[in-house]
Amino acid sequence: MKHQLILTALLSAGFLAANAQQGAKPEDTEKWEPVPKVVTAGKTTSDAPSDAIVLFDGKNLDEWVDVASGAPAKWDVKDDVLTVNKATGNIETKRKFGSYQLHIEWKVPANITGTGQGRGNSGVFLASIGKGDLGYELQVLDSYNNKTYVNGMAGSIYKQFIPLANPTKAPGVWNVYDVIWTAPTFDGDKVKTPARVTVLFNGVLVENNIELLGPTQYIGAPGYRAAHGPSPIKLQAHGDKSEPLSFRNIWVREL
């Protein structure tokens with residue numbers, strides 16, 4: 001009897017739902033607000049859309065500072081290209097960002113030398129949370145026929161997540177990262193929602209909305225140990241002996 005009553009109730013609920021659907025109108029499920037803002041797309045997917053903040057357009061480093069001193073960045077700008085100056089150290093944006101969409105292109109020189117982590121090493125720190133290499137690092141490396149640990153190859157979230165594929169182009173050819181960064185939130189010093197990141201590498205999905213374990217940790221396990229808010233984007237001047245790599249066409253859209 002009990003099962004029959006439950007079945008009857010379920011059938012009745014289904015009947016009422018069906019009747020409700022029959023009486024529904026198309027406009028019941030139409031949403032008119034909020035109206036999305038109009039954004040003019042670039043001519044190509046690499047071009048900055050109308051609402052983007054251009055961080056490097058080939059002309060100057062007005063948007064960047066030296067991480068160690070806060071002085072103007074001293075990397076080399078020539079022929080619309082930004083080349084790492086390893087002697088001067090990391091650079092980061094003057095502006096701080098929460099969640100965003102980032103486009104950045106990078107290339108190791110055709111004459112690159114070295115092996116493993118000593119070959120075209122750099123990094124895009126999606127949130128710089130202090131001096132040196134503090135932050136959340138998306139690895140940059142010549143991973144074209146260059147063996148290394150897989151959570152340290154191009155497209156990896158360094159020492160955390162292996163890329164889903166390796167679409168790295170040959171030395172001398174430009175690579176492209178398109179990144180969706182969701183900043184972490186905190187309740188006091190305790191993480192409330194972890195950082196998340198999606199990365200398209202030369203149009204190939206290599207990180208799929210992954211939940212980060214914390215800021216990058218070179219030695220030991222990562223973890224969220226201190227709260228932070230909006231942060232700069234940082235580019236790394238790695239100390240390996242290989243020829244310096246270059247960046248171009250860097251823009252960001254705040255989300």
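Reader: Over how many bridges do S6 and strand S9 (residues 175-182) pair, and in which sense?
Author: This is a predicted model, in which local features need pLDDT of at least 70 and side-chain atom pairs count only at pLDDT 80 or more, while totals for chains, interfaces and linings use all residues. Residues are numbered from 1 along each chain as its sequence is written, and side-chain values use heavy atoms, with hydrogens and water left out. Strands are DSSP runs (E, at least two residues) numbered from the N terminus, and two of them pair if DSSP finds at least two bridges between them. S6 and S9 pair in the antiparallel sense, and the number of bridges is 7.

Reader: Which residue of S9 is the bridge partner of His 103?
Author: Strand S6 comprises residues 100-107, and S9 comprises residues 175-182. Within S9, the bridge partner of His 103 is Asp 178.

Reader: Which residue in S15 is the bridge partner of Leu 102?
Author: S6 also pairs with strand S15 (residues 246-254), in the antiparallel sense and over 7 bridges. In S15, the partner of Leu 102 is Val 252.

Reader: How many of the 8 residues of strand S6 are buried?
Author: A residue is buried under 20% relative accessible area, exposed over 50% and partly exposed in between (1.4 Å probe, protein chains only). Strand S6 is mostly covered, and its count of buried residues is 6.

Reader: Which strands stand at the edges of the open sheet?
Author: This sheet has 5 strands in the order S2-S5-S14-S7-S8, with antiparallel pairing. Each edge strand has a single partner strand, so one side of each is left without a neighbour in the sheet. The edge strands are S2 (64-66) and S8 (135-140).

Reader: What is the bridge partner of Val 124 in S14?
Author: Strand S7 (residues 122-128) pairs with S14 in the antiparallel sense over 2 bridges. The partner of Val 124 in S14 is Leu 235.

Reader: Is Ile 91 buried or exposed, and what is its relative accessible area?
Author: Ile 91 is found in strand S5 (residues 91-93). Ile 91 is buried, with a relative accessible area of 0%.

Reader: Which residue takes a positive phi in the hairpin of S12 and S13?
Author: Strand S12 (residues 196-201) is joined to S13 by 5 bridges, and the two run antiparallel. The hairpin has 2 residues between the strands, and the residue with a positive phi, near 55 degrees, is Asn 202.

Reader: What is the angle between the planes of Tyr 149 and Tyr 158?
Author: Rings of Phe, Tyr and Trp (its six-membered ring) pair if their centres lie within 6.5 Å; planes under 30 degrees apart count as stacked, over 60 as edge-to-face and the rest as tilted. The structure holds 10 aromatic pairs. Tyr 149 is partly exposed at 33% relative accessible area, whereas Tyr 158 is buried at 7%. Their centres lie 6.2 Å apart, and the pair is tilted, with an angle of 50 degrees.

Reader: Where is Tyr 218 placed?
Author: At 57% relative accessibility, Tyr 218 counts as exposed. Its place is in the loop between strand S13 (204-211) and strand S14 (234-235).

How values were computed: Helix = DSSP H or I, 4+ residues; strand = E, 2+ residues; numbered from the N terminus.
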